[in-house]
Amino acid sequence: MAECEEEVEVLVQRVVKDITSAFKKNPSIDEIGVIPCPEARYNRSPIVLVENKLGVESWCVKFLLPYVHNKLLLYRQRKHWLDREALVDITCTVLLLNPDFTTAWNVRKELLQSGVLNPEKDLYLGQLALTKFPKSPETWIHRRWVLQHVLAQLAAVGSSRKHQQSGEGEQVDADRRQELSDHLARTLHQEMKVCSDAACRYPSNYNAWSHRIWVLQHMARGNAKVFHDELSSMRLWVSMHVSDHSGFHYRQFLLKELIHELSQSAGEEDLTGEGEGEERQLSFITVLQLFHQEMELISDLIRSFPGHETLWSHRRHVFFLWQQWRRDQKLSNGGELAQGDVWGGESVNGQSHSDAMEVERVCLPDPRDSKRLKRGVHLPAPPSLPSEYTFVSSVLDSCCPADQRRFAMSYKKWLDTVIVQEP
Amino acid sequence: MKLYSLSIHHKGATKANLLKAAYDLSSFSFFQRSSVQEFMTFTSALIVERTSQGSRASVKEQEYLCHVYVRNDNLSAVVVADTEYPQRVCFTLLDKVLEEFSRQVDSIEWPSGSPETINYKALDIHLSKYQNPREADAMTKVQAELDETKIILHNTMESLLERGEKLDDLVAKSEHLGNQSKAFYKTARKQNSCCEIM
């Protein structure tokens, strides 16, 4: 057993070397882990590489971690010099064992800034650390720093091309912009995957989902298609994780953003005075469809999986969002209902509006929207207070377990006390 | 919403005899899988041993929920699920698997058979299919015979044990657990980490 200073030094050097060569041997390593192994087997490396999985035997961690941790601190205090390569290897080792060691990430930030380290390497390291520590706050924080760094670089390259000469330069310009946009799309896609994996590894992984939201806010601003795609691709996931509160919160975020986007484009049309209100009509219908689909999804899940508070909470959020949007619509039309708003107020019996409704005006197909709308298209029934009461009654009437009953009653109380009071 | 293991045992006079098992460990980290599998086998066998003939029970342990059905003929099945997976569907699965198994494997083999000698191949497919409870179409089945009030609910593994019995001792004595798993359990226990049983 390595216990004295020298032996630990030898062990550490060996481990750092083995980890570095493991990555060289297999650049597709996709997971790290600790192997439960209480005792060292004589002269065998504690680093194990099986397929694409990198393991560290548990016996060596108690020697390894304090040693490399200390070494890095000494470097920071300028008591001990480490060259760039050693820094890269040591920080890599330390972060795979304890990714919440902020100092190690900060050393890597410096290496990145001085151009010695490729940002892709840090994204990869972070991804690996998250396979074992899916919540690690420092890993997510560092990841955002790296992404901002990458985005700034892409933006710099993009703008430096503005001062190109004409002719051939323009083609190169267009190609370069396409390349950058592809790079951005790939990075975005990669981040979605990392968040998704981390969300699967730990229930209600708030850090992973917040990161996901951050990425969309910074890398997909105004891109409605991305939000639409995320909403549809997440349907199955949330259906299989019905108590993952953060997952459903993500859906609420997507809805809010989409509604905001759609209202923006409708608003722009109003401002310019051009067009015949097609944009507004289209956005109206799209929003209606979004709400309808979300309510259908949540109703289905509530019935299939009784007793999950998360589902009822999501229903509240969606219905509340709906109420807000309706109120905003009324306000922006000067308190009167828009021409397309065919369903009137709360006084109408919810039952009669379960039939399809027709759009009064023709919608010309918009090249940006793949759905083609024709005259007389049938709109889904919008959410309404009466239909919510109907839903709660149907749940209470069915044979439901105690939890489900309790949640249904709470929801009803919320409708009675909060929603009914809304103007 | 996940199912981790599905196993069939014969409840003997003093212990449970494992006949067949299927596992889905894909959600566990790679290097933990063999230990996790062993612990699931250990837990399933223990639950069968401590559940009376002709009864159904659900045993909660941390973020897992183990559902067991011990038939009157002592043929038993255990499914280890998470807490999201609907309980009703689990019991449908257990009934179905036991029914099929008893048709395909002669009862003379139950007391002394082992996973190597028993010829029943459908367990993996059932486990895989039931990962999505709605696709398995189990939710539309009306379980007329299943009275949910008769399912015993245990809030911890400890409640299955006799007075004075310790889980640590059972772990140490178990033939389902390898040395590495036993050592892992000891250190996990000491650190009070999240892998106490599995």
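This is a predicted model: local features need pLDDT of at least 70, side-chain atom pairs count only at pLDDT 80 or more; totals for chains, interfaces and linings use all residues.

Visitor: What makes the pair A:D300 and B:R134 a salt bridge?

Guide: The rule asks for a side-chain nitrogen of Lys or Arg within 4 Å of a carboxyl oxygen of Asp or Glu. In A:D300 and B:R134 the closest N and O atoms are 2.8 Å apart, so the pair meets the 4 Å limit. Across the interface of chain A and chain B, the rule finds 1 salt bridge. There are also 7 residue pairs in polar contact across this interface, with both residues at pLDDT 80 or more.

Visitor: How much area is buried between chain A and chain B?

Guide: About 1,700 Å², and carbon and sulfur atoms give 63% of that. On the chain A side, A:P36, A:M240 and A:F305 supply 36% of the area that chain A buries against chain B, more than any other three residues.

Visitor: Now to the sheet in chain A. Why are β1 and β2 of chain A said to stand at the edges?

Guide: The open sheet of 3 strands has the order β1-β3-β2 in chain A, with mixed pairing. Each of β1 and β2 of chain A has a single partner strand, so one side of each is left without a neighbour in the sheet. Neighbouring strands here are turned by 25 degrees against each other on average, direction ignored.

Visitor: How do you know that β1(A) and β3(A) pair?

Guide: Pairing needs at least two bridges found by DSSP. β1(A) and β3(A) have 5 bridges, in the parallel sense, so they qualify. A:I32 stands opposite A:L54 in β3(A). Helix α1 (residues 5-25) of chain A lies across β2 and β3 of chain A, at about 15 degrees to β2(A).

Visitor: Why can the pair A:K53 and A:D30 be said to tie parts of chain A together?

Guide: The side chains of A:K53 and A:D30 meet in a salt bridge, 3.2 Å from N to O. A:K53 lies in strand β3 of chain A and A:D30 in the loop between α1 and β1 of chain A, so the pair ties together parts that are 23 residues apart in sequence. Over all chains, the structure holds 19 salt bridges.

Visitor: What makes β2 and β6 of chain B edge strands?

Guide: β2 (16-23) and β6 (152-154) of chain B each pair on one side only. The order of this open sheet of 6 strands is β2-β1-β5-β4-β3-β6 in chain B.

Visitor: How do you know that β1 of chain B and β2(B) pair?

Guide: The same test of at least two bridges applies. Strand β1 (residues 3-11) of chain B and β2(B) have 7 bridges in the antiparallel sense, so they pass. In β2(B), B:Y23 is the bridge partner of B:S5.

Notes. Residues are numbered from 1 along each chain as its sequence is written. Chains are lettered from A and ligands numbered from 1 in the order in which they are written. Side-chain values use heavy atoms; hydrogens and water are left out. Buried area is the accessible area (1.4 Å probe) that two parts lose on being put together, summed over both. A polar contact is a pair of N or O atoms within 3.5 Å; within protein, one must be able to donate a hydrogen and the other to accept it, and residues adjacent in sequence count only if both atoms are side-chain atoms. Helices (H or I, at least four residues) and strands (E, at least two) are DSSP runs, numbered from the N terminus. Axes are lines fitted to C-alpha atoms, for helices over the stretch in contact, and angles run from 0 to 180 degrees between N-to-C directions. Contact means heavy atoms within 4.5 Å.
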